[in-house]
Amino acid sequence: MLKLITVLFTVWIMTASNIYEFKVPSLDGTSIDFSKYKGKNILIVNTASQCGYTKQYADLEKLYEQYKGNLVIIGFPANNFGGQEPGTNKEIKEFCSKNYGVSFPMAEKISVKGSDIHPLFQYLTSKAKNGQMDADIKWNFTKFLINKEGKLVAVFPSSVNPMSEEITKYLN
């Protein structure tokens, strides 16, 4: 049943023309509907549990708590880089909760690069689709910031800490 839901979500979002048309399955089996985040900044992050940057979960949670009135963070576990996210959706959810107290939405595990790239990440990395910029995901914990108007305004590499001024200046 979950596979069928995933296929239906994928077909739905393949034709999305703006960020608010995306709906993705979450780690807990529900749906993350981007339309409910209109008027908020959205930080989209590809994550991994066994990466040198995994500790950024703590700062992502801190950022989320500090700015949750006008920011939502959505994590997207992916196993595209060095096999650093080998877990199942259930294992990833347990890991994030137990080790970092993650309370922001987490999508089910997807691919953020390559021939099986998820449609949301096709949108985020292609100026032809997002209307703003091309972007390349070089590693886990790449961060995409969408402003309150639904426009992609910045992409931050893994090395940029979620609590850095590079990110928070867009939220103040």
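## Strands 5 and 6

Leucine 145 has alanine 154 in strand 6 as its bridge partner. Isoleucine 146 also has a partner there: leucine 152. Strand 5 and strand 6 run antiparallel, paired over 4 bridges. Strands here are DSSP runs of E with at least two residues, helices are runs of H or I with at least four, and both are numbered from the N terminus. Two strands pair if DSSP finds at least two bridges between them.

This is a predicted model, in which local features need pLDDT of at least 70, side-chain atom pairs count only at pLDDT 80 or more, and totals for chains, interfaces and linings use all residues. Residues are numbered from 1 along each chain as its sequence is written, and side-chain values use heavy atoms, with hydrogens and water left out.

How many residues lie between strand 5 and strand 6 in their hairpin? There are 5. Glycine 150 sits in the turn, with a positive phi of about 85°.

Strand 3 (residues 41-47) and strand 5 (residues 143-146) run antiparallel, joined by 4 bridges. Isoleucine 42 has isoleucine 146 in strand 5 as its bridge partner. Isoleucine 44 stands opposite phenylalanine 144.

Both faces of strand 5 are covered. Lys143 and Leu145 are buried on one side, Phe144 and Ile146 on the other. Buried means under 20% relative accessible area, exposed means over 50%, and partly exposed lies in between (1.4 Å probe, protein chains only).

Helix 3 (residues 89-100) has 12 residues. The expected span of a helix is 1.5 Å times one less than its number of residues. Just after helix 3 comes glycine 101, with a positive phi of about 60°.

Tyrosine 100 belongs to helix 3. Is tyrosine 100 buried or partly exposed? Tyrosine 100 is partly exposed, because its relative accessible area is 24%. Beyond its neighbours within four places in sequence, tyrosine 100 is in contact with Thr54, Lys55, Tyr57, Ala58, Glu61 and Phe95. Contact means heavy atoms within 4.5 Å. Tyrosine 57 is 43 residues from tyrosine 100 along the chain, yet their C-alpha atoms are separated by 6.2 Å.

## Aromatic rings

The structure holds 12 aromatic pairs. Rings of Phe, Tyr and Trp (its six-membered ring) pair if their centres lie within 6.5 Å; planes under 30 degrees apart count as stacked, over 60 as edge-to-face and the rest as tilted. Tyrosine 64 and phenylalanine 104 form an edge-to-face pair, at 6.0 Å centre to centre with 70° between the planes. This pair links distant parts of the chain, 40 residues apart. Tyrosine 64 is in helix 2, while phenylalanine 104 is in the loop between helix 3 and helix 4 (119-125).

Tyrosine 64 counts as buried because its relative accessibility is 13%. Phenylalanine 104, at 4%, counts as buried too. Elsewhere, Phe22, Phe34, Tyr37 and Tyr123 form one aromatic cluster.

## A positive phi at phenylalanine 141

Most residues other than glycine have a negative phi. Phenylalanine 141 has a positive value, near 70°. Phenylalanine 141 lies in the loop between helix 5 (127-130) and strand 5. At 0% relative accessibility, phenylalanine 141 counts as buried.

## Cysteines

How many disulfides does a search of the whole structure find? The search finds 0. A disulfide is a pair of cysteine sulfur atoms within 2.5 Å. The sulfur of cysteine 96 is 13 Å from its closest cysteine sulfur, in cysteine 51, so the two are too far apart for a bond. Cysteine 51 counts as buried at 10% relative accessibility. Cysteine 96 counts as buried at 2%.
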